[in-house]
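Trainee: Could we go through this structure together? I would like to begin with overall dimensions and then move to the contacts.

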Amino acid sequence: MNKYLADQLFLVVCLVVSVLLYVSTDTYPGIAQKTSAVYVRFLAISFGSLAGVQIFFNWFDRSSPDKIRLADHVPKFVGLLVALILFAIAFEPFGFFISALIFMPAVALLLGSRNYQWIAITSIGAVAFVYVVFVQLIGVNLPGSGF
Amino acid sequence: MMIEYLAIVFTIPAVLTIVIGAFAGVLIGGMPGLTATMAVGLLVPFTYSMDPTLGLMLLGGIYCGAMYGGSIPAILLNTPGTPAAVATAIEGYPMSRRGDGAIALKTSVYASFFGGTFSVVILLMFAPILARQALNFGPPEHFLLALMGLAGIISIADANTSLMKALITGVLGMLIAIIGTDDMSGSLRYTAGSIHLVDGVDFMPALIGLFSMIQMLEIASQRGYEKVDTSALNAPSKRVKLPKGLGKFMALGSGTGTVIGILPGEGATIAAFLSYNFAKQVSKAKALFGKGNPEGVAAAEAGNNGCVGGSLVPTITLGIPGNSVAAALMGAFIIHGMIPGPELFTIYADRTYPFILSLFIANITFLFIGLSVAPYLARIALIPPALMVPVVCAFAVLGSYALNQSVFDVYLMIGFAFFGLILKKLNYSLEALILGLILGPIAEAGFSQGMIIGKGSPTIFFASDIAKVMWLIIFLLLLPPLINYFRNHRKKNG
C-alpha cells in the first residue's frame, strides 16, 4: 500500500471514530452530561475536523507514491514482533527468568549474531543483573522470581 | 532549609544512587540507538518500589549522564550516541581524525558540565518562583496549561511531522486518555468490558512502546549495519590543555540550551544545533567550522546539557514537560504521588529540592568519568545491535510489566510500538501522542471542574487575566508552524 492511501485510510478511521465518540456522549449519565460529555464532544469535534482538513490537504498533494515500508528486513521485523508476543505469553506461566533466557538468545540468533559465547554472556549477564538489582535490591516482584 | 536538603543528598545511598545513575546514563547515551528518553522511560517503573527521592535521583543522574554520553562516540567514531550529539560530531570527529580527539573530548566534557550546571542553577532559582505563580491557577487555567503543553510540542512540528499531523496525534493521545472510569460520574467509558482498562491506559507502556520498542524494531529490521571507522579510537591518549577562548562559546551554549529547554516541547537536539549555529555566527574562525572547530563542540555540548535543567522548569512547576525525557521524568513524579505544581515545593519540598541538588552531583560525576575514562567508553558504541536489541527488549517487557504487574501492559506496549511505527512512517508526531496521553487527564479534570464553576458556560476558560495570557501564549506557540505550514503548502503548489 502506498503512503497516500495508508494515510487517507487512517484519517477516514479517525473521522469515523470521532463521529462514534460524539454520538456515544449521549449515553453519559447525570452530571457527566454537563462536564465529561462536553469535553469528549470537544475532542471528537477537534479530532474529526483535523482529520477532515488533513484528508482535504492530502487530496491536493498526492505526491507520495512511495510504498509504506515498516521494515527493510521483513523476516527480522516480524520475527522480533512474534518473539515479543511469545515472551509476553510465557511471562506469567514460566516466569521472567526462564522466558528471558530463551527470548534473548533466540532474538540474537534471529538478528544474525553467531557469536554463541557473547550471546550466552549477555543473556546470563542481563538476567543476573535483573535478579540482583531489581529483585534483590529494589524489591520488584516478578513472576517466577524464585524460579 | 537548604542545609537539610543538602544533608539528604550527601548520604551514602543517595550519592551512590546518583553516581550509578550518571554512570549508567553515560553508558546508555554512548550507545547509538539508545536515548535518554528510552533509558528514563524504561527505568521509571522500577523506581516505583524505591524510596521516591532515591528513585528520582537515579533518573536525574541518567538524564544528565546520557546527555553527555552521546558526545563520546560522536567525537571518536562519528556515531552520535544520541540525536542531540549530532552537532558535536560535525566538529568533534574531524578533530579526532587529525589527532585532536583528546582535546575534543576534554572540550565536550567541560562544556557539558558547564551547560548542565548552569541550567540546574536556573532551575533552582526560577522553579520555586514559577511554582508560586501556579498557586493562582484554577481548574480553567489547568485545562489551558494542558493545551499549552500540547501547543508547545506541536510548535516544533517540522518538515517530517506537519502541524496538522502533530495536532491529530496530540488529540488522539487525549482521546486514548479518556478510556477508563469517568471521574465525574464514576461510570466506565470505552473499556470494551475489559477489567484491565478500568483504570485507563497507563502512559508508561505507551512511553516504552513509542520511544524504546520502536527504536528496537527499527534497528532490528535494518538490512545491514554500517561499518564504523574506529581508527580514531587507537590514537594515543595524551594529557592536553583546553584551547583558550572557549568560555564564551560554553556560556553561549549554556544560555541557549537552558532557554530552549524551558520552552515546552523544544528538545536537546534543537538546543545543540541552535547553540552550534550561534557559535558559528559569532566565531572569529568561521572558516574552521565543519573542519574540526572546538568552539562548535563547546557550544553544542553546553547547549544540549543546558537543556536538562531548563526542561525541568516547566515540568515540575506547571506539569508541562519541556521535552520527551522530561515527560518520562514527570511520569516518575506522578507514580510516586507527586503531582507537578506548587505542591512539589511545599508538601514534597524534602524530595524535590534534594532531587534538584542531586543534578549537581550527577554533573560532577560525568565530569570525572569524562576526564578519566571517556576514550574507553567509546567502545560501547561498537556493541553489535544483534546483542543489544534482545537485552533492551527484555528490559522493555520487564518495565511495562513492573508498574502494575500486568501482562496486559506488555501487550499494550507492543501494540503502541507497532501502531506508533505505522504513524511514524506516515510522518505523525509520536511526541505529541505521548504528551496528549499524559496531559489528557489534567486537561479533562480542569475542563470538567471549570464547567462546573462556570455553570456550564465555556466562557469561564476566557474569564481570568491569566487565562487570557495563556490563550495568547497558545496562539503564539501555534503561529510560527502555522505560517510555515501554509508557506510550504504554497511553495509546493506554485
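Mentor: Let us begin with a term: the radius of gyration is taken over C-alpha atoms, and the globule rule is 2.2 Å times the number of residues to the power 0.38. Please also keep in mind that this is a predicted model.

Trainee: What radius of gyration does chain A have, and what would a compact globule of 147 residues have?

Mentor: Chain A has 24 Å, whereas a compact globule of 147 residues would have a radius of gyration near 15 Å. Along the principal axes, the C-alpha atoms of chain A fill a box of roughly 55 × 50 × 25 Å.

Trainee: How is chain A divided into domains?

Mentor: Domain 1 of chain A covers 3–60 and domain 2 covers 74–138. Their C-alpha centres lie 40 Å apart.

Trainee: And how many helices and strands does chain A have?

Mentor: Chain A has four helices and zero strands, and its pattern along the sequence is α-α-α-α.

Trainee: Where in chain A is confidence lowest, and where is it highest?

Mentor: The lowest confidence is in helix H4 (residues 116–138) of chain A, with a mean of 88, and the highest is in helix H1 (residues 3–24) of chain A, at 94. Chain A as a whole averages a pLDDT of 88, and 95% of the residues score at least 70.

Trainee: What about chain B: what is its mean pLDDT?

Mentor: The mean pLDDT of chain B is 86, with 94% of its residues at 70 or more. The model itself scores ipTM 0.93 and pTM 0.83.

Trainee: Let us turn to packing inside chain B. At what angle do H4(B) and H15(B) cross?

Mentor: The axes of helix H4 (residues 52–69) of chain B and helix H15 (residues 349–377) of chain B cross at roughly 35° and come within 8 Å. The crossing of H4(B) and H15(B) is right-handed.

Trainee: Which residues meet there in H4(B) and H15(B)?

Mentor: On H4(B) they include Gly60(B), Gly61(B), Cys64(B) and Gly65(B), and on H15(B) they include Phe355(B), Ser358(B), Ala362(B) and Phe366(B). By class, the contact of H4(B) with H15(B) has 10 nonpolar, seven polar and one charged residues.

Trainee: Now the interface. How many residues does the contact take from each chain?

Mentor: The contact takes 59 residues from chain A and 51 residues from chain B. On the side of chain B that touches chain A, the largest share, 12 residues, comes from H16(B). That side of chain B has 37 nonpolar, eight polar and six charged residues.

Conventions:
Residues numbered from 1 in each chain as written. Chains lettered and ligands numbered in written order. Predicted model: local features only at pLDDT ≥ 70, side-chain atom pairs only at ≥ 80, totals over all residues. pLDDT = per-residue confidence, 0-100. Axes fitted to C-alpha atoms, helices over the stretch in contact; angles between N-to-C directions. Helix = DSSP H or I, 4+ residues; strand = E, 2+ residues; numbered from the N terminus. Left-handed = near helix turned anticlockwise from the far one by under 90°. Contact = placed C-beta atoms within 7 Å. Nonpolar A, V, L, I, M, F, W, Y, C, P; charged D, E, K, R; others polar. Domains from an automatic or database assignment.
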